[in-house]
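Me: Hi! Could you walk me through this one? I'd like to go through it bit by bit.

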Amino acid sequence: MAEPAEEEYEEELPAWSLPTAGLDAIRMPPTWPDRVDREWAWGGSTGKGAVVAVVDSGIERGHSLVGDVEEAVVVTGAAGEEPQIEEDEEGDACGHGTACAGIIRSLAPECRLVSVRVLGSGWTGSGRKLVAGLRWAIDQGVDVINMSLSTTKLDLAAALHELTDAAYFNRTIVVASAHNMPVESFPWRFSSVLSVGSHELDQGDTFFYNPNPPVEFFARGVEVEVAWLGGSSVRSTGNSFATPHMSGHCALIRAKHPELTPFQVKSVLYLTANNVLEEDRG
Amino acid sequence: MADEKLRDAVAAGVLAAEAGHRDLLQSIVEVARAIFAARASSIFLLDKQADELVFEAVAGEGAASLIGQRLPSSTGIAGWVLVTGQPLVLDDLENDPRFARDVAESTGYVPKSLMAVPLLHDEEVLGVLQVLDRPQRERFSLQEMELLGLFANQAAIALDLLGRARRARAVVDDESPLGVVARLAATLDALPVERRDPALALLGALERVLNP
């Protein structure tokens, strides 16, 4: 069982109400246009300045579709021991993390990628490693965390819930894959994450807002050409490939508007979703 | 002799159940292969003690040689699916020979395409179902993913039953502390009737003490 995240993120008790004198402190800069569109949201952005962590099977170094990986760590530790974070020199234990990194790179070519490998040292203890990897990424204060994975283990749900809430309040956007099957799993079901399912279209920049949550957005996840092991590429399908499409868009928005909170980024994505834009045009 | 005979009899129900569930798993991979018109289909079971994946059932290509073979539990495609609990569909695997060799380790041959789905029962992940080389007709659709999920659900129930049968078998084995119950039953069965009746009376008394 992972340590509760609560203590780590406990802050000095802030004022949870607003005195009139405090109005100036929360004055919002008039940066939002009357109608938010994609040009305002990420036009001209390459993702430069935004940091995206991929919590997955690792990222293969030197893959032409991925480019530079700024930092790579692995969560280690035998069963029953406290998980440790170490520098990762092994790359990718499966190919999946490389695939996600390649999709993010294709949308946000100048973002900075960080690999957090939580797979490869056995099934036993893998859930706790997932929690430890997520905690590390949040502690780094990255802009976006791509989590194309989930756990069905109920005893990890509370720790994951606290962590995703901590991320949400610390300005880190956690983007998580919804399960492809009707299965209860975490953390995608939490409202503090941005949850993603697949649509069947072949456009990577097409995404839809879902008015019937818990899945909040649908992005490209069917027959996506992705980077894989040994410098190769394969065609792949699954919500786990829809997720990095939303992560890529988050990186673009964050790079252009670093002041936006996860709530505001979600709002921008809602306003720029294809079904919302099209509805607006009538 | 009599001892062994009765213990075998006690175990027979359990063993027969295990054989029946093996047939069920085999039937699931056969049907999965037929429905998807695939070249092969296989089921891996997670061996928690060894922390490895074990081939339990294979239909089609590579069938005979793969049963019982073991794979690491958290690397490769099957390992990713097991640990993350998410299905994965990959096509055009033959693009890169190095990657193809890696895949072949979990398939017995080099497939062009692969679908892998976790076998989930309640919150437990029990194993992985793979379907290899379905015909490359039109685009893959989310409906196929749904169908795969339905199959996975059935296979997970079968795997859960298989696990129960194996645990039951371990209980009647001599190795288990509870094996004494099976041995006692065997001894009683072999006793002449004039000794068995008082022994049964004694056990009846014990039962009332244990379970008043």
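Reply: Happy to. One term first: two residues are in contact if their C-beta atoms, placed from the backbone, lie within 7 Å. This is a predicted model, in which local features need pLDDT of at least 70, side-chain atom pairs count only at pLDDT 80 or more, and totals for chains, interfaces and linings use all residues. Residues are numbered from 1 along each chain as its sequence is written, while chains are lettered from A and ligands numbered from 1 in the order in which they are written.

Me: Great. How many residues does the contact take from chain B and from chain A?
Reply: Chain B puts in 36 residues and chain A 38 residues.

Me: Which elements give two or more residues to the side of chain B that touches chain A?
Reply: They are α3 (76-84), β4 (88-91), α4 (97-104) and α5 (142-172) of chain B. Helices (H or I, at least four residues) and strands (E, at least two) here are DSSP runs, numbered from the N terminus. The most comes from α3(B), with seven residues.

Me: And how does that side of chain B split by class?
Reply: It has 17 nonpolar, 11 polar and eight charged residues. For the classes, Ala, Val, Leu, Ile, Met, Phe, Trp, Tyr, Cys and Pro count as nonpolar, Asp, Glu, Lys and Arg as charged, and the others, Gly among them, as polar.

Me: Now sheets. Which strands make up the one with β4(B) in it?
Reply: That open sheet has eight strands, in the order β10(A)-β11(A)-β4(B)-β5(B)-β6(B)-β1(B)-β2(B)-β3(B), with antiparallel pairing. Two strands pair if DSSP finds at least two bridges between them. At the edges stand β10 (224-227) of chain A and β3 (70-72) of chain B, each with a single partner strand, so one side of each is left without a neighbour in the sheet. On average, neighbouring strands are turned by 30° against each other, direction ignored.

Me: How many bridges join β11 of chain A to β4(B)?
Reply: Three, with β11 (residues 233-237) of chain A and β4(B) running antiparallel. One detail to look for is A:Ser236, whose bridge partner in β4(B) is B:Leu90.

Me: What about β5 and β6 of chain B, how many bridges there?
Reply: Eight bridges join β5 (residues 114-121) and β6 (residues 124-132) of chain B, again running antiparallel. B:Val117 has B:Leu129 as its bridge partner in β6(B). The helix α3(B) packs on this sheet, touching β1 (40-47), β2 (52-60), β3, β4, β5 and β6 of chain B, and its direction makes about 35° with that of β5(B).

Me: Which strands form the sheet in chain A, and in what order?
Reply: Nine strands form that open sheet, in the order β3-β2-β4-β1-β5-β6-β7-β9-β8 (chain A), and the pairing is mixed. Its edge strands are β3 (84-87) and β8 (208-209) of chain A, each pairing on one side only. Strand β2 (residues 71-76) of chain A pairs with β3(A) in the antiparallel sense over four bridges, and A:Thr76 stands opposite A:Gln84 in β3(A). On the sheet packs α2(A), touching β1 (51-56), β4 (112-117) and β5 (144-147) of chain A, at about 155° to the direction of β1(A).

Me: Helix pairs next. How do α2(A) and α5(A) cross?
Reply: The axes of α2 (residues 96-107) of chain A and α5(A) come within 8 Å and cross at roughly 35°. Axes are lines fitted to C-alpha atoms, for helices over the stretch in contact, and angles run from 0 to 180 degrees between N-to-C directions. The residues of this contact divide into nine nonpolar, six polar and no charged.

Me: And at what angle do α5 and α6 of chain A cross?
Reply: Roughly 115°, with the axes of α5 (residues 239-256) and α6 (residues 262-272) of chain A coming within 11 Å. That makes α5(A) roughly perpendicular to α6(A); angles under 35 degrees count as roughly parallel, over 145 as roughly antiparallel, 65 to 115 as roughly perpendicular and the rest as oblique. A:His249, A:Cys250, A:Ile253 and A:Arg254 in α5(A) meet A:Val265, A:Val268 and A:Leu269 in α6(A). By class, that contact has five nonpolar, one polar and one charged residues.
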